[in-house]
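Me: I've got a structure open and want to get to know it through some questions. Can we go through it together?

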Amino acid sequence: MVANVKDKAVIVGIGNTKFSKESGVSELSLAVQAVKAAIDDAGLKPSDIDGMATFTMDTNDEIEVARALGVGELTFYGRSHYGGGAATSCLHQATMAVATGMAETVVVYRALNGRSGHRFSGGVAGDITTSDAIHWGWYMPYGLLTPASWVAMFTERWMHNTGVTKDALFEVAHSTRVYGANNPAAFFYGRHFDRAEYDAARTIASPLQLFDCCQESDGGSAVIVTTPERARDLKQPAVSVRGVAQCAADNQEQMTSFYREEFAGIPEMERAAENVYAMSGLTVDDIDAAVIYDAFSPIVLWQLEAWGFCGNGESGDFVLDGALRTDGRLPTNTHGGQLSEAYIHGVNGIVEATRLVRGTSVNQPAKDVNHALVTSGVGIPTGGAILGKMN
Amino acid sequence: MTANELNAFEDEINAFVGREVCPPTPAKDDVNTAMIRQWTEIIGDTNPAYTNEAWAAKSTRGKSIAPPAMMYVWGQEGFAVTTGRPADAQADLVSLFNKHGYTGVLGTNVKQEYFKEVSPNDNVVMEMVIDNISERKTTGRGPGYFFETLSTFTNQHGEKIGTQRFKVLKFIPQEQPAAAAAEDTLQVPTRIASPRGHDNKWWWDACDAGKVLIQRCKNCQTLRHPPRPMCGECQSMEWDSIESTLDGEVLSHTELHHPKIPGYQYPLVCAVIRLGEGTNIVSNVVGCDPSAVHIGMRVKGKVEQVDEKTMLPQFYPA
Ligand SMILES: [Zn+2]
């Protein structure tokens with residue numbers, strides 16, 4: 001069965017807070033600033049919002065955000081689980097709510113003090129006590145307890161299987177940072193970066209080094225989703241959700257799916273891609289630019305394969321041809337990605353993918369961008385979406 | 001101490017706020033590559049901007065720099081400190097605290113701010129004042145006061161390069177119950193243990209007893225790890241277990257470098273290992289250089305006590 005949400009929901013507003021290492025304010029303050037920026041961008045009032053979608057990991061309850069902003073009544077609120085896997089899952093929730101009429105105007109938000117507050121790099125043991133703790137218990141006693149270490153375990157085997165080398169990881173890390181260096185909102189703004197610095201940086205968990213890893217960040221991002229009809233009166237050209245899907249594949253664990261017959265792969269993203277292509281009626285050739293979730297450099301490569309930009313094991317050659325650069329086949333992470341703009345759990349990526357379709361990215365490619373891909377974090381239940389120009 | 005005595009004492013300590021501890025003093029040695037090399041070696045910082053002259057010469061700065069965090073290092077007394085310190089305002093403040101029973105001392109935090117870089121042959125000039133003293137606080141260590149010194153660093157041209165705030169707690173040490181005190185001194189961090197619930201306690205209990213078990217469906221005999229309450233093949237909830245011989249093959253591995261977690265010994269290698277019985281397990285590979293661990297490597301495990309509280313399977317080259 002193919003879902004029927006194509007062009008039934010559109011993005012009309014986007015907003016980011018300032019990104020920093022120490023916001024000095026509460027996560028709730030970041031959330032309401034991001035949502036307000038998106039509301040202003042759309043030309044809406046807070047009271048126009050009647051639905052909200054965020055992460056289970058977000059500490060800002062919908063009702064707190066609503067009360068602080070003066071939103072009033074909410075008729076839809078839904079949360080998505082699995083860390084960064086929730087980025088486009090929130091868009092998926094918002095799209096379903098709008099397409100079915102459960103709500104007319106839904107805001108997707110994520111705000112965190114990811115550097116000055118709880119840091120993911122600290123690992124899972126310290127201060128998180130949840131039902132996940134039993135799961136992490138199979139890894140914590142051995143010292144395998146940070147996101148970098150879990151991704152490193154997949155990367156080592158994937159590089160072994162495919163022969164892809166650090167040259168490809170560097171190309172992802174570098175092309176992204178070139179974009180970031182030109183984005184005034186990015187941590188890497190104005191910063192030079194080269195192979196010597198990449199190679200000299202400390203190892204985090206082999207084979208991953210410092211510059212293969214994203215920036216722990218304080219900040220918030222939000223996007224507003226509504227119906228195509230409502231969008232006609234609003235300030236910005238609407239950006240349509242052509243297709244959006246989520247998937248948890250067979251034998252899935254959260255970041256540690258080590259029990260599959262061959263675990264160096266992301267079958268959950270392959271399936272999500274298949275579904276997005278089916279519901280949008282589009283193919284990989286229709287995608288002009290992308291925002292691919294980049295908590296770590298190698299995960300971009302796996303996703304290029306899952307979405308069919310190249311064959312399995314060929315993503316190294318694909319990126320080394322310059323595909324991700326501004327004049328390449330698929331300009332990718334043009335805001336600087338989470339490697340160099342900020343790590344807002346992928347929601348800043350939905351903001352950038354919207355800009356790419358609007359034609360307003362700070363690194364807008366010269367070619368027409370009719371369709372942009374945006375994805376969620378991998379190694380976990382995940383998903384993605386294709387955004388397109390309104391017809 | 002009566003309220004009046006306390007007020008008089010607080011007036012006396014508060015009079016120290018703003019007093020100079022050390023006038024602007026140039027460091028005895030200029031910033032130099034030898035000290036930078038030793039410091040970065042100890043810290044484990046491999047940034048070429050500090051130690052690789054050739055790399056630094058080609059960088060945008062055109063020369064190497066000292067790690068900003070070394071700012072305070074250049075003015076340190078070194079061996080001379082063992083022959084005693086000349087009196088200064090900070091020493092006077094400390095002895096005033098001591099005289100009134102606030103003999104405990106705890107450096108609580110250091111905060112540095114950086115404004116300008118320095119390179120070899122620059123000279124760092126330091127001055128220090130007592131910046132602030134808190135009101136009386138009740139702390140876990142006992143009642144006391146926090147005082148903070150503010151050091152300001154300039155280069156030989158008088159340009160400000162950074163500041164450092166150092167906060168110290170002076171407190172009246174509390175009597176600790178003997179048992180608690182003894183426990184305190186014995187506490188060495190151990191590995192983070194798995195929580196134990198209905199579905200996994202039996203596995204960890206067996207591990208404590210020196211065995212690695214693999215859950216087996218009683219109905220269809222399918223093995224499963226990690227344990228869960230139902231068989232995904234036949235939905236039976238009846239299960240028993242077999243003991244693994246811990247013969248295995250490395251499917252993937254990673255050496256953990258950063259962050260280093262208290263309670264773990266580094267170098268530390270984690271691996272996904274396929275056991276001879278057919279299920280996979282995550283564990284450590286030990287008994288060889290981390291660089292020798294590779295995909296396809298045959299390993300043999302045994303359950304060992306890895307610290308005071310923890311029994312774990314550990315795998316050695318077979
Ligand atoms: Zn069964």
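Me: How far apart do the C-alpha centres of domain 2 of chain B and domain 3 of chain B lie?

Reply: This is a predicted model, where local features need pLDDT of at least 70, side-chain atom pairs count only at pLDDT 80 or more, and totals for chains, interfaces and linings use all residues. Residues are numbered from 1 along each chain as written, chains are lettered from A and ligands numbered from 1 in the order written, and side-chain values use heavy atoms, leaving out hydrogens and water. Domain 2 of chain B covers 195-243 and domain 3 covers 245-318, with bounds from an automatic or database domain assignment. Their C-alpha centres lie apart by 21 Å.

Me: What area do domain 2 of chain B and domain 3 of chain B bury between them?

Reply: The contact (heavy atoms within 4.5 Å) takes 13 residues from domain 2 of chain B and 11 residues from domain 3 of chain B. Buried area is the accessible area (1.4 Å probe) that two parts lose on being put together, summed over both. With 76% of it on carbon and sulfur atoms, the area these two domains bury is about 890 Å².

Me: OK, now the two chains. Which three residues supply 26% of the area that chain A buries against chain B?

Reply: Here the contact takes 35 residues from chain A and 41 residues from chain B. The area buried between the chains is about 3,300 Å², and carbon and sulfur atoms give 66% of it. On chain A's side, the three residues that supply more than any other three are Trp138(A), Pro141(A) and Tyr142(A).

Me: How many salt bridges does the rule find across the interface of chain A and chain B?

Reply: The rule wants a side-chain nitrogen of Lys or Arg within 4 Å of a carboxyl oxygen of Asp or Glu. The side chains of Glu261(A) and Arg274(B) meet that way, at 3.1 Å, N to O. Across the interface of chain A and chain B, the number found is 1.

Me: Let's talk rings. Why is the pair of Trp158(A) and Trp302(A) given the label it has?

Reply: Rings of Phe, Tyr and Trp (its six-membered ring) pair if their centres lie within 6.5 Å; planes under 30 degrees apart count as stacked, over 60 as edge-to-face and the rest as tilted. Over all chains, 29 aromatic pairs turn up. In this one the centres are 6.1 Å apart and the planes sit at 65°, so the pair of Trp158(A) and Trp302(A) is edge-to-face.

Me: Are Trp158(A) and Trp302(A) buried or exposed?

Reply: Trp158(A) is in helix α5 and Trp302(A) in helix α10 of chain A, 144 residues apart; helices are DSSP runs (H or I, at least four residues), as are strands (E, at least two), numbered from the N terminus. Buried means under 20% relative accessible area, exposed over 50%, partly exposed in between (1.4 Å probe, protein chains only). By that cut-off, both Trp158(A) and Trp302(A) are buried.

Me: Last one: what is the phi of Asn121(B)?

Reply: Most residues other than glycine have a negative phi, and most peptide bonds are trans. Asn121(B) lies in the loop between β2 and β3 of chain B, and is exposed, with a relative accessible area of 63%. Although Asn121(B) is not a glycine, its phi is positive, about 85°.
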